[in-house]
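Please read the following note with the model open beside it. The points go from a single side chain to the whole chain, and then to helices, charged pairs and surface.

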Amino acid sequence: MSINQLLALWGELARAYYHDNSFGGDTARIYSHLFKPYVALFAEGHINRTSAHWEEYAEFCKTAYDSFIVLLKKFETDFGCVIELDERKLKKLPKNNEFHTHYHVKVIRL
């Protein structure tokens, strides 16, 4: 994740914290391309489960998702709030979550 991507995500979370997110006040819609680094091979849209590069792509997505979760946990700790990802608290997320094109991130102020 680049610094620009990190700052864009942090800004979306901050707007949700202050109930000013354009998606839904305390909820942000985060598109996965905001936390995946650009890789030309994967950007072409020809990757599917039968592609020769599928395993590499799946690992790439898992790493990006894991970085996203680390960022959410850091925000949660720094702001003393609770974050729900697609209506699940971060502590209750499954270990191998499915990678999606977007996520709904709700920031609950305590």
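Predicted model: local features only at pLDDT ≥ 70, side-chain atom pairs only at ≥ 80, totals over all residues.

1. Does Cys-81 count as buried or exposed? With a relative accessibility of 6% for Cys-61 and 5% for Cys-81, both of these cysteines count as buried, where buried means under 20% relative accessible area, exposed means over 50%, and partly exposed lies in between, with a 1.4 Å probe and protein chains only. The structure holds zero disulfides, a disulfide being a pair of cysteine sulfur atoms within 2.5 Å.

2. Residues are numbered from 1 along each chain as its sequence is written, and side-chain values use heavy atoms, with hydrogens and water left out.

3. The protein chain has three helices and four strands, in the order α-β-α-α-β-β-β from the N terminus; helices (H or I, at least four residues) and strands (E, at least two) are DSSP runs, numbered from the N terminus. Of its 110 residues, 36% count as buried. Among the contacts with a separation of 6 or more, 60% come from residues 24 or more positions apart, contact meaning heavy atoms within 4.5 Å.

4. Helix H3 covers residues 54-79, and its 26 residues should span 38 Å at 1.5 Å a residue, in agreement with the 37 Å between its end C-alpha atoms; the expected span is 1.5 Å times one less than the number of residues. The buried residues of H3 include Tyr-57, Phe-60, Cys-61, Ala-64, Tyr-65, Phe-68 and Glu-76. Just after H3, Gly-80 takes a positive phi of about 60 degrees.

5. How many salt bridges does a search of the whole structure find? The search finds four, a salt bridge being a side-chain nitrogen of Lys or Arg within 4 Å of a carboxyl oxygen of Asp or Glu. One of them joins Asp-66 to Lys-62, with the closest N and O atoms 2.8 Å apart, and both residues lie in H3, four residues apart, about one turn of the helix. Asp-66 is partly exposed at 32% relative accessibility, and Lys-62 is partly exposed with a relative accessible area of 40%.

6. Another salt bridge links Glu-12 with Arg-15, the closest N and O atoms being 3.1 Å apart; the two residues lie in helix H1 (residues 3-17), three residues apart. Arg-15 is partly exposed, at 36% relative accessible area. An α-helix has 3.6 residues a turn, so residues three or four places apart point the same way.

7. The salt bridge between Glu-84 and Lys-89, with its closest N and O atoms 3.3 Å apart, pairs a buried residue, Glu-84, at 16% relative accessible area, with Lys-89, which counts as partly exposed at 40%.

8. The accessible surface of the protein chain comes to about 7100 Å², of which 53% belongs to carbon and sulfur atoms, the areas coming from the Shrake-Rupley method with a 1.4 Å probe and, for residues, with only the protein chains shown as cover. Met-1, Ile-3, Leu-6 and Leu-7 make a nonpolar surface patch of about 360 Å²; patches are made of residues with over 30% relative accessible area and no salt bridge, like charges being joined within 9 Å and nonpolar side chains (Val, Leu, Ile, Met, Phe, Trp, Tyr) within 5 Å. Met-1 is found in the segment before H1 and counts as partly exposed at 33% relative accessibility.
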